[in-house]
Amino acid sequence: MSITLTTKQKQYLKGLAHHLSPVVMLGGNGLTEGVLAEIDNALEHHELIKVKVAGADRETKQLIIDAIVRETKATEVQTIGHILVLYRQSEEKKITLPKATKTI
């Protein structure tokens with residue numbers, strides 16, 4: 001189950017992800033079970049990762065991103081060009097998110 005992030009939390013995660021390099025790169029074979037397993041392992045270990053989705057047109061890329069988010073139960077933080085930033089809290093909770101504040 002992916003969580004819903006507030007704007008403040010997304011901004012915080014974008015700042016943390018800025019210096020990261022993509023840990024998984026999708027190539028010509030597209031989204032395979034092996035690639036999904038690698039993304040899942042990276043999320044479990046790092047919580048916040050970048051994935052490079054190269055060589056796809058806009059619609060195909062969005063379908064791939066939707067499938068990754070659905071299958072890994074991660075939250076899409078942002079997509080810039082071919083780079084997707086994903087967040088999924090692990091049991092060890094390595095990243096502490098800012099508290100969600102309610103506005104009245």
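Leaving aside neighbours within four places in sequence, Ser 90 is in contact (heavy atoms within 4.5 Å) with Glu 44 and Glu 47. Ser 90 sits in the segment after strand E4, and it is buried, with a relative accessible area of 5%. Here buried means under 20% relative accessible area, exposed means over 50%, and partly exposed is in between, using a 1.4 Å probe and protein chains only.

A quick word on the model itself. It is a predicted one, so local features need pLDDT of at least 70 and side-chain atom pairs count only at pLDDT 80 or more, while totals for chains, interfaces and linings use all residues. Residues are numbered from 1 along each chain as its sequence is written, and side-chain values use heavy atoms, with hydrogens and water left out.

Now for the overall layout. The chain has 3 helices and 4 strands, which are DSSP runs numbered from the N terminus (helices are H or I with at least four residues, strands are E with at least two). Read from the N terminus on, the order of elements is α-β-α-β-α-β-β. The C-alpha trace spans about 45 × 30 × 25 Å along its principal axes. For 104 residues, a compact globule would have a radius of gyration near 13 Å, and the 14 Å of the chain agrees with that. This radius is taken over C-alpha atoms, and the globule rule is 2.2 Å times the number of residues to the power 0.38. Of the 104 residues, 36% count as buried. Among contacts with a separation of 6 or more, 72% come from residues 24 or more positions apart.

What about the inside? A nonpolar core is a set of buried Ala, Val, Leu, Ile, Met, Phe, Trp, Tyr and Cys residues joined through side-chain atoms within 4.5 Å. The largest one has 17 residues, and those with the most contacts inside it are Ile 39, Ile 49, Val 51, Ile 68 and Leu 86. Two or more residues each come from strand E1 (24-26), helix H2 (33-46), strand E2 (48-53), helix H3 (58-72) and strand E4 (83-87). H2 gives the most to this core, with 5 residues. Take Ile 39: setting aside neighbours within four places in sequence, Ile 39 touches Val 24, Ile 49, Val 51, Ile 68, Thr 72 and Leu 86. There is also a second, separate core of 9 residues, which includes Leu 5, Val 77, Ile 95 and Leu 97.

Two lysines have backbone angles worth a look. Most residues other than glycine have a negative phi. Lys 73, however, has a positive phi near 55 degrees. Lys 73 lies in the loop between H3 and strand E3 (75-80) and is partly exposed, with a relative accessible area of 47%. Phi is positive for Lys 93 too, near 50 degrees. Lys 93 belongs to the segment after E4 and, at 52% relative accessibility, counts as exposed. Its C-alpha atom is 9.6 Å from that of His 46, although Lys 93 and His 46 are 47 residues apart along the chain.
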